[in-house]
Amino acid sequence: MPAGAGDETAERDTSQTVVTHPQLLNTRVSGIQAAKNRDRQVKFEVCHLTERISFESSDPKFGIRPDGSLYAQREVTNLSEPIQFMVTAQGSKDTHIWETTVKLALAGHTLPPPMSQMVGEAAFHPRSHHNHYPNPRVITFPRRHQRSSSTNGLRRQKRDWVIPPINVPENSRGPFPQMLVRIRSDQDKEIEIRYSITGAGADQPPGDVYIIDPVTGKMSVTKPLDREDRASYHLRAHAVDVNGNQMEPPIDLYIYVIDMNDNRPEFKNQVYNGSVPEGSKPVAPQQRSELYSLDCQPRSARSKFRALSVFHTLCASAVTVERLSAEDSRALIMMRVTAFDADDSTMPNGLVHYRILNQSPHIPIPNMFTINGGTGEISTIAAGLDREKVSQYTLIVQATDMEGSLNFGLSNTATALITVTDINDNPPELDSKTFLGEVPENAVGVIVANLTVRDRDQPHTPNWNAVYRIVGGDSMGHFTIRTDEVTNDGRVTVVKPVDYERNGAFMLTVVVSNQAHLSSGIPSSLSSTAGVTISVLDVNEAPVFPSNPKMIRFEEGVPADTTLTIFAALDPDRFIQQTVRYSKLSDPGNWLRINRTNGQITTTAILDRESPYVKNNVYEATFLAVDNGSPPATGTGTLQIYLIDVNDNVPVLVPREAQLCERLRPNSRINVTASDADSEPNAGPYVFELPSFPPSVRRNWTVARLNGEYAQLKLRIPYLEAGMYRVPILVSDSGNPPLTNRSMIRVKVCPCDDHGDCTAIGAVASASLGTGAIIAILICIIILLSMVLLFVVWMKRREKERQTKPLLIDPEDDVRDNILKYDEEGGGEEDQDYDLSQLQQPETLDHMMSKPAGVRRVDERPIIPESQYPIRPTLPHPGDIGEFIIDGLRAADNDPTAPPYDSLLVFDYEGSGSTAGSVSSLNSSSSGEQDYDYLNDWGPRFKKLADLYGGGEED
């Protein structure tokens, strides 16, 4: 069994808690950190915290309430042996976990003495950074239960205890394997025992970290450990005999790796960006002391009891936040840097402390900022932040572990960039107290003055953007000021025309401000107000018609040369004497004229209300008024003449054509009405009646009035022969006096079917052609006959011209038929036995260039030296074709090198300078001394030529 090792105090965050439990319910675990007194009794201290703590039991049969009460989650029937398990605790705002060991035994059962008194070795090994264990701990398997008979009956005796964890420092330098503890069974004196260990680090990954001597039970570590890789191991020790029979129940071994300071703090970012408004107030000194207080109790207690210290830190942070005012809380959250240390955060190795190494620039003082050593929050400690002087600060922040110890801690640095944000602490100021401008009268949208302003706040922000207001001198709203988005200048712009004759100058009062309100305590500047003087320039204004448009009323039918009105214009330029002249711009019907000097309007034609130029009884004309200014100005005026209707148009019958059944039927009638160009009361109601002449009209037809607008025309007799009838009807309007019109309606009378519709036969029978249709048909017939006659005459004339036209040459000498036969193609070159070299293109034309000018071919091949022959003219006279042909024959006869081609091919002559010569003669006009017997050797194709030329004089 383990033995104590003196009076040393364990500093681990694990502890031993022994509870004697008669009823297992509501057993309180009132603390996390246990302290051991001189008698090594375990007791708990209560930490009064506001943070919620969560507990968790490693034994599923037991649970822990939030207040620390231990209870049974299921029925526990056997407590013949003590039960031990682990309890872990964790704060809601902390990631660290604390552990303690709980042991339960039956009430009244004798508990084993403290472990430090059971065995001569250490029960709780003190924290040590040594790599060797000269006196290793001996862990003995618990004694089996023994039964003995006595007068009191059966009695059980047992020895059992909680195995304390084994602490192993990380990064040990060896030598390895390094012995940790020795495990033994108290039966090893009777039988031979074999020891083994199982679990992660032994026979499970990572394997071969721990080994045990099966005979001696010495357990060793084989290599250096890394707490950041694995912080603890859970192994089980076994004891069996040589036959593999279990001799002892397995015991649990907990191995914790002791942290060493082997990791530097690492910042999450190398560059942090933060901001603070300029003019921010620093935190008060008493608030800073509270802000940087990390403990709820003295620092020494925090070093000794680490778990309790962390909770005290939470308490301190809560108190700090509560005591900061709302205005100063922005200093707390202005910026925060965070560094992470991979070492144990509950040990000084992992406790990081922050400090500011350097500030740049040192304006206005070198220490404008401070940092919370525990949280890394950066805040201001001095006044004087001014963005217009320093817009950004650069801080070098150092993070050091070992609670900031510069002698033993490891450090790292990062950069914090603090941007001083702008507030509206600089009002805009106009560059001048007075601005001048001028504007021509009647101009709109013109910029008349430019107001310049300066503002030291950040450009293109609401703190810099200027807003201009006119507070005086423009009661009629003639001007406005628009802000230039780029330069922030104010553009004074005319939005309503100004009149020089009414106001020659304006004195404006302008105030400038920002889009954002000035910060609290910043007064406005006197330079934010200025005066603007705007002079109005007189310009030649166009004459103005007082009433435009001007409406006058007249009855239609006004005769020509009638004076209607005087349409005169006024010149707005009252200070200048100018003459106005008038002219006509638009007069659709050309009914009016205007006097050039006084604007008198007279008529030139009769005004007709029914004219298409009159719209809604109004005739409209436009006139111009031009002054003699420099430059001249022109005004436009519109004259509207409302024409009152008079009864000057007769009514017209509608419709003009209709059809009716030849037999009188109840529904066989024609509805007629009338249209009148006049308006009421000179139009309807209308009166319809049949004329008395001719008498057949009233005998065959009758008209019945339906109302003031319509009447019905129908047959008076039972039957009327089918055909087209022109029925006259008298229509009278309601004018004073009324006008009557005799209108004709063409009625087609036809046989009808049962539905009262004209049948097809009846429609044809009743159809008749009018005079216009007959005339059109006759004209078409005459045009067709004329075209046929002209075509015949043209053909006769063309035929006559062809018969009387003489030939260009004698028909007997016309050889075109023979030439057309030359397109026959015989066999290829292979079946010919004559020399084809005569027909081939020569390789060069040198021999042709040396010959004198004349008619020749380019494919000729000289056989004998050329003889001189008469040179033919290069261009034949177009009027002597016959002589041209004779010259060609003569040239062919005198050319011994010419191949046997027809010389008439010279008709394809295309001008002078051609290298193509004449073909050979078809019929020589002279007898020469040439020998054409070789033609007989050219085959049957040239037999005709051989007969013609080879016969000599006999031919």
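1. The side chain of Asn-548 reaches the backbone nitrogen of Thr-638 at 2.9 Å, and the backbone oxygen of Thr-636 at 2.9 Å. Both are polar contacts, a term for a pair of N or O atoms within 3.5 Å; within protein, one must be able to donate a hydrogen and the other to accept it, and residues adjacent in sequence count only if both atoms are side-chain atoms.

2. The model is predicted: local features require pLDDT of at least 70 and side-chain atom pairs pLDDT 80 or more, whereas totals for chains, interfaces and linings use all residues. Residues are numbered from 1 along each chain as its sequence is written, and side-chain values use heavy atoms, with hydrogens and water left out.

3. Asn-548 lies in the loop between β37 (529–537) and β38 (550–555); strands (E, at least two residues) and helices (H or I, at least four) are DSSP runs numbered from the N terminus. Apart from neighbours within four places in sequence, Asn-548 is in contact (heavy atoms within 4.5 Å) with Thr-636, Gly-637 and Thr-638. Leu-639, 91 residues away in sequence, is 7.6 Å from Asn-548, C-alpha to C-alpha. Asn-548 has a relative accessible area of 40% and is therefore partly exposed, that class falling between buried (under 20%) and exposed (over 50%), with a 1.4 Å probe and protein chains only.

4. Over the chain, 12 helices and 52 strands are assigned. Of the 955 residues, 40% are buried. Among contacts with a separation of 6 or more, 66% join residues 24 or more positions apart.

5. Strand β41 is joined to β42 (residues 600–603) by 3 bridges, and Leu-592 stands opposite Thr-603.

6. The largest nonpolar core comprises 26 residues, and Tyr-210, Met-219 and Leu-253 have the most contacts inside it. Such a core is a set of buried Ala, Val, Leu, Ile, Met, Phe, Trp, Tyr and Cys residues joined through side-chain atoms within 4.5 Å. Strands supplying at least two residues each include β13 (166–169) and β16 (210–212), while β19 gives the most, with 5 residues. Beyond neighbours within four places in sequence, Tyr-210 is in contact with residues including Leu-180, Ile-197, Tyr-233 and Ile-255. A second, separate core of 24 residues includes Phe-267, Met-335, Ala-382 and Ala-416.

Conventions. Pairing = 2+ DSSP bridges.
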